[in-house]
Amino acid sequence: MALAVEGLVCIRGERQLFSDVNFRLAAGEALLLRGPNGSGKSSLLRLLAGFLPAASGRVLRDEEARLFYVGHQDAVKPQLSTEDNLVFWARLLGLDDAEAQRQSVAALEAAGLSRQRRLPGRYLSAGQKRRLALARLLVAPADLWLLDEPTNALDTAAVAWLGGVLATHRTSGGMVILASHVDVPLPDARRLDLPEGRLS
Amino acid sequence: MMKVFLAIVGRDLRLGFGAQGAMMTTLLFFVLAVSLFPLGVGPEPQILARIAAGVIWVAALLAAMLSLDRLFQTDQEDGTLDLLAQAPLPLGLVALAKTLAHWLTTGLPLTMIAPLLAVMMQMDLAVMPVLLLALLLGTPSLSLIGAIGAALTLGARRGAVLVPLITLPLVIPVLIFGVGAVEAASYGLTASPHLLLLGAFLAGTLTLSPFAIAGAIKLALE
C-alpha cells in the first residue's frame, strides 16, 4: 500500500488554499502537516478522505486500501453511552454485533475509558471525548489514518498513549497523515509545510 | 451492507425515541393542532366531518416537518456525518436508513394515532381503513422529500424555516391524493385511484430521493 499525491490544488470559496502539493507515502511512513491557521491542513485531509473535490491534481491509492479520517470534531452522541458510541462506529464498519462489542471494549480499555463505559457521552470531559474519538482507530484495521489535530484537549499521558498507538500502527505497515500545531510523538515523520507545499 | 443499514436505523431509532427525540414533540403537535379545530370551528358534527380529512392531513404534514431540520443537522454539527460518510455503504443508502428511522419515529406514530383524532373530528368509522392506508402510503413520501430539504439546508442558519419552505410545495400531491382518498370513501366511491397514485408517488420518491439527498450531503461534507 502506498499513496501518491500529484500537483494537488485546493480552492475554497474562490480562494486558493494551496497549489502544487506533491508527496509520496510508503507503508509505515508518516507525514506531519504544518502551517498557520487557514493554510489548508484540514482541507488537505478532507480532500484525501474524499470529502472534498480537488480543483486540480490527483490522489493515487490502492482501491482496496481502507482509510480512517478523524476530524477535529469528536462525533460523540450525548445521549448514548461511551461504549454505545464506539459500538455504533464498529457496526458502521460492518462488524457483527459480538465482534463490534468485543473490539469496542478492547479499544476503550486501551484508551483508558473502561470506567466511563456506561456513562452517557454528555458527561465526558473534552479530553475523554477526544480519546473516545481516537479509540475509533483501534476498532478495525485501516491502511491510512488521516488525523486532524488529534492531540486537542488531550493530557500528556493521553498524548503519550497516542504516540504508542501511532507507532504500533506504523510498525504493522500503516501510514499516518497528521495535522497539528503542537508537537506530536511521531518520530522520523516527514513534514509538509502548507500553504507552500514544501516537503522536508 | 444490510448490517450497516440496520445499524444506522437502530441508532437513529434509539435517539428518536429518547427523551430529546423527535417522536413525542411530533405526536403532541399533531394531537394539539387537530384538537384546536373543534374549538375554533365549533362542535357541529356535519362541519367537522366535512373538514376532517383535510385537517388531519394538513396537521400530519406540518407535524412531519417539525423535526426534519434536525435529521442531518445534529450529525453534521457533532461530526457524525463524517463517520457516516466513511461507512462501506453508498451515501444514498445511509440517507435512506436515516429517513426510514425518521418515518418510524414520526410518520408511523402519526398514522397510528390518526384514527383517534378522526373520531374526535366525527369522521365516519367506515372510512377509517382508507385514512390509515392513505397515511401509510403518504407519510413515507413526506419523510423522503423532507429529507431532501433537510440535506439541502445543512449548514444554513435558518434551516428550521427553510426546510418547510422547500418541502411543502413538493408534497402538495400527497396532500391532494391523501385527502381525495378519504373523501371518495366518505362519499361511497372507490378510493383506489387515489391510493394507487399515492403508491406511485411513493415509488418515485423512494427511488429518486436517495440520489438527491446523497448529492446534498456531499455538498455539506465539503
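Visitor: Which residues does Phe23(A) touch, not counting residues up to four places away in sequence?
Guide: Keep in mind that this is a predicted model. Phe23(A) touches Leu3(A), Ala4(A), Val5(A), Leu31(A), Leu44(A), Leu48(A), Ile177(A), Leu192(A) and Leu199(A).

Visitor: What do I make of a list like that?
Guide: In soluble globular proteins, nonpolar side chains tend to be buried together. Here the largest nonpolar core holds 101 residues, and Phe23(A), Ile177(A) and Phe72(B) touch the most other members. Helix H11 of chain B, residues 192-221, gives the most to this core, with seven residues. Another core, of 37 residues, lies apart from it; Ala52(B), Ala53(B), Met123(B) and Leu135(B) are among its members.

Visitor: How many helices and strands are there in chain B?
Guide: Eleven helices and zero strands. Follow the sequence of chain B and you read α-α-α-α-α-α-α-α-α-α-α.

Visitor: Why does the radius of gyration of chain B agree with a compact globule?
Guide: Start from chain length: for 222 residues, a compact globule would come out near 17 Å, and chain B has 18 Å, so the two agree. Along its principal axes, the C-alpha trace of chain B spans about 55 × 35 × 30 Å.

Visitor: And how should I read burial and contacts?
Guide: Look at the share of residues first: in chain B, 54% of the 222 are buried. Then take contacts between residues at least 6 apart in sequence: 80% of those in chain B join residues at least 24 apart.

Note on methods: Residues are numbered from 1 along each chain as its sequence is written. Chains are lettered from A and ligands numbered from 1 in the order in which they are written. This is a predicted model: local features need pLDDT of at least 70, side-chain atom pairs count only at pLDDT 80 or more; totals for chains, interfaces and linings use all residues. Side-chain values use heavy atoms; hydrogens and water are left out. Helices (H or I, at least four residues) and strands (E, at least two) are DSSP runs, numbered from the N terminus. The radius of gyration is taken over C-alpha atoms; the globule rule is 2.2 Å times the number of residues to the power 0.38. Buried means under 20% relative accessible area, exposed over 50%, partly exposed in between (1.4 Å probe, protein chains only). Contact means heavy atoms within 4.5 Å. A nonpolar core is a set of buried Ala, Val, Leu, Ile, Met, Phe, Trp, Tyr and Cys residues joined through side-chain atoms within 4.5 Å.
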